[in-house]
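I opened the model to take notes on its ligand site, its strands and a few single residues. Here is what I looked up.

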Amino acid sequence: MPYLEVAGDRLHYRTDGDAAHPCVVLSNSLGTDLSMWDAQAAALATDHYVVRYDARGHGQSPAGSAPVDLARLGQDVIALLDHLHIDRAAFCGISMGGMTGQWLGIHAPQRFTQLVLANTAARIGSADGWLTRAAQVRQDGMAAIADGAAARWFTPAFIEREPAIVAQLVDRLREQDAGGYAACCEALAHADLRADVASITAPCMIVAGLSDPVTTPADGAWLQQQIPGAKLTTLPASHISNIEAGAAFSALLRAYLE
Ligand SMILES: O=C(O)CCC(=O)CC(=O)O
């Protein structure tokens, strides 16, 4: 598995498909890793160069010693594109990854052909909520929040229908480095793009989960209204819609990237 040295830290990434094809970068949500995109990578790699990475503080990418902020998460993507000699790419991020996508659309528009912003918002939760969660995992470890994750991520019907998939993701969350998770909670505590998203010029598709209690369909509709020309699509899913409605998400992404 390749690693990239960025700002003194290590970023773990994976590529699938032919580097001669158009590139799409996939960015994970809080508490997951690049494997969350297995279905989409398989669906896209026949005619795209799929680049996915473990967001800083997740999977095999350590958080590093400096505090993490949204700019750092965005600059990691630019460093990855530079490292792979890719001038322009499409970008698809979910939740925290979708906030990274908004930051990139605002600060590095020349690098992106399209943005897909899934289950995300210009402001997710509240500063107090994120700082409390960060303190909780720093003190008590990941178990403190892992038990409730399934209910925040998936609908009750999906949890009942696909217990093995849900258990695998929650187990991975439990094994996640608490310091890395907390550092990204702290980044989200300070991330607020509400005043800036209207400056995004890249073609943009917002994907909202109809049953998402975290980044709601109203959050998606607000983003669509703010970003000129953005398109809004909904999926019958909760927060981790690329897994709960995996086939529909992949089809949507393929169609949008064509
Ligand atoms: O999923 C994200 O990237 C941020 C929102 C979140 O943390 C969902 C959860 O409560 O686990």
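In which loop is the place of Asn-119? I found Asn-119 in the loop between S6 and H4. Helices (H or I, at least four residues) and strands (E, at least two) are DSSP runs, numbered from the N terminus.

**Ground rules.** This is a predicted model, in which local features need pLDDT of at least 70, side-chain atom pairs count only at pLDDT 80 or more, and totals for chains, interfaces and linings use all residues. Residues are numbered from 1 along each chain as its sequence is written, and side-chain values use heavy atoms, with hydrogens and water left out.

**Positive phi.** I stayed with Asn-119. Its phi is positive, about 40°, although Asn-119 is not a glycine. Is Asn-119 buried or exposed? It counts as buried, because its relative accessibility is 0%. Buried means under 20% relative accessible area, exposed over 50%, partly exposed in between (1.4 Å probe, protein chains only). Next I checked His-85. His-85 also is not a glycine, and has a positive phi of about 60°. I placed His-85 in the loop between H2 and S5. His-85 is exposed, with a relative accessible area of 73%.

**Strand S6.** Why is strand S6 (residues 112-118) largely enclosed by the rest of the structure? Six of its seven residues are buried, so the rest of the structure largely encloses S6. I listed its partners. Strand S5 (residues 89-94) pairs with S6 in the parallel sense, over six bridges. Two strands pair if DSSP finds at least two bridges between them. Cys-92 has Val-116 in S6 as its bridge partner.

I moved to strand S1 (residues 3-6) and strand S2 (residues 9-16). They pair in the antiparallel sense over four bridges. Leu-4 is bridged to Leu-11 in S2. The hairpin of S1 and S2 has two residues between the strands, and Ala-7 takes a positive phi near 50° in it. S2 and S4 also pair in the antiparallel sense, over four bridges. I noted Arg-52 in S4 as the bridge partner of Arg-14.

**Ligand.** Which residues surround the ligand? I listed Ser-29, Leu-30, Ser-95, Met-96, Trp-130, Arg-133, Arg-152, Trp-153, Val-214 and His-239. The shell divides into five nonpolar, three polar and two charged residues. In that scheme, Ala, Val, Leu, Ile, Met, Phe, Trp, Tyr, Cys and Pro count as nonpolar, Asp, Glu, Lys and Arg as charged, and the others, Gly among them, as polar.

I read off the distances. A polar backbone atom of Leu-30 is 2.7 Å from an oxygen atom of the ligand. For Ser-95, a polar side-chain atom lies 2.9 Å from a ligand oxygen atom. For Trp-153, an N or O atom in the side chain is 2.9 Å from an oxygen atom of the ligand. Taken alone, the ligand exposes 310 Å², and the protein buries 99% of that. These areas come from the Shrake-Rupley method with a 1.4 Å probe; for residues, only the protein chains shown count as cover. Helix H4 (127-140) and helix H6 (149-153) are the elements that give two or more residues to the shell.

Arg-56 lies in the loop between strand S4 (49-53) and helix H2 (70-83). Arg-56 is buried, with a relative accessible area of 4%. Its side chain makes a polar contact of 2.8 Å with the side chain of Asp-9. A polar contact is a pair of N or O atoms within 3.5 Å; within protein, one must be able to donate a hydrogen and the other to accept it, and residues adjacent in sequence count only if both atoms are side-chain atoms. Asp-147 is in the loop between helix H5 (143-146) and H6. Asp-147 counts as exposed, at 60% relative accessibility. A polar contact of 3.0 Å joins its side chain to that of Arg-174.

Notes:
A residue is near a molecule or strand if one of its heavy atoms lies within 4 Å of it.
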